[in-house]
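Please open the model in your viewer and keep the selection panel at hand. The stops below go from the overall fold to single residues.

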Amino acid sequence: MADATIITGQYVQIDQTPAGAGERLLARMADMILISVYETALVAVILQGYKYIPDTYLNDTVYMVIFLLFLVPALFYSLLWELFNRGQSPGKRLLGLRVVMKDGSTPTLGASLLRWLFLLIDVYLFQCLGLLFILLTKNNQRTGDLAAGTLVIKEKNYHQINVTLDEFAHLGADYRPVFPQAENLSLEQVNLIGQTLFRHDAERPQRLRELSIKVRRFLKINPPVDDETLLQTLTRDYQYYALEEV
């Protein structure tokens, strides 16, 4: 199965393996069994209590309210588990799966809410819609994953990275790369450029000049800009293309 490539702000490439449709279906079934056991036990307790409490103290309406309140954990089952257990419900844990953001980090509250809301459409309303999207999309994402920007990956390939995309704030929706050739740079090359840019000492100008000459020659470009501006621009352009591929 193809991996989902994640490139962090530190230019670290992490290949996560998306969970297959069969694995996700089994995890969902395991969760549904747990929910069914919970609801069955709940109904049994309420019916048992109903035998010993006179109707004058607890009428049918109050019982219905209590029943609905106890059903809330079941209704929000996926949301609560994935939100407070770093993207993992009991079913996903059993199958060795986990939900992560596309940058590899733990799902945010907004992302978890979106996944839960679309779960009502993917699974409960249109039944097989979520399964169809999992089978057809590149990284096996249902509509909730596409909307929330999440992936369900195999736990054994999980490498948690606590980074955000704040450092890419300059790459807005209107950003356009200056040098398309930046896409041809490797992670190692961009990492070297970054180290050279952030290292400030007496030899910095010389290092920038030498690296700029090599980069211009490698990419076959020779724009009329100073060495530092060229390297910074190439870095931003590379980030743009890297994020486009995620």
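A contact, as the word is used on this tour, means heavy atoms within 4.5 Å. This is a predicted model, in which local features need pLDDT of at least 70, side-chain atom pairs count only at pLDDT 80 or more, and totals for chains, interfaces and linings use all residues. Residues are numbered from 1 along each chain as its sequence is written, and side-chain values use heavy atoms, with hydrogens and water left out.

**The whole chain**

Begin with a cartoon view, which shows 10 helices and four strands; helices (H or I, at least four residues) and strands (E, at least two) are DSSP runs, numbered from the N terminus. From that end, the elements follow the order β-β-α-α-α-α-β-α-α-α-β-α-α-α. Of the 246 residues, 42% are buried, where buried means under 20% relative accessible area, exposed over 50%, and partly exposed in between (1.4 Å probe, protein chains only). Among contacts with a separation of 6 or more, 66% are between residues 24 or more positions apart.

**The nonpolar cores**

Next select L185, I193, V215, L231 and L234, the residues with the most contacts inside the largest nonpolar core, which has 17 residues. Such a core is a set of buried Ala, Val, Leu, Ile, Met, Phe, Trp, Tyr and Cys residues joined through side-chain atoms within 4.5 Å. Helices α8 (187-198), α9 (204-219) and α10 (227-245) each supply at least two residues of this core, and the largest share, five residues, comes from α10. A second, separate core of five residues includes A19, A27, L97 and V99.

**Salt bridges**

Which side chain meets that of D145 in a salt bridge? Select R24, which pairs with D145 at 2.9 Å, N to O; a salt bridge is a side-chain nitrogen of Lys or Arg within 4 Å of a carboxyl oxygen of Asp or Glu. Because D145 lies in helix α7 and R24 in helix α1 (residues 21-52), the pair ties together parts that are 121 residues apart in sequence. D145 is buried at a relative accessible area of 0%, and R24 also counts as buried, at 10%.

Move on to E82 and K92, whose side chains form a salt bridge, again at 2.9 Å from N to O. E82 lies in helix α3 and K92 in helix α4, so this pair links parts 10 residues apart in sequence, and both residues are buried. Salt bridges that share partners join R24, E82, K92, R115 and D145 into one network.

**Q88 and its surroundings**

From here, select Q88, in the loop between α3 (77-84) and α4 (90-95), where this residue is buried with a relative accessible area of 2%. The side chain of Q88 reaches the backbone oxygen of L97 at 2.9 Å. Leaving aside residues up to four places away in sequence, Q88 touches W81, E82, R93, L97, R98 and E155.

**Two loop residues with positive phi**

Finally, compare N140 and K220, neither of which is a glycine: N140 has a positive phi of about 55°, and K220 has one of about 60°. N140 sits in the loop between α6 and α7 (143-148) and is buried at 11% relative accessible area. K220, in the loop between α9 and α10, is exposed at 75%.

Definitions and conventions:
Polar contact = N/O pair within 3.5 Å; in protein donor to acceptor, adjacent residues only side chain to side chain.
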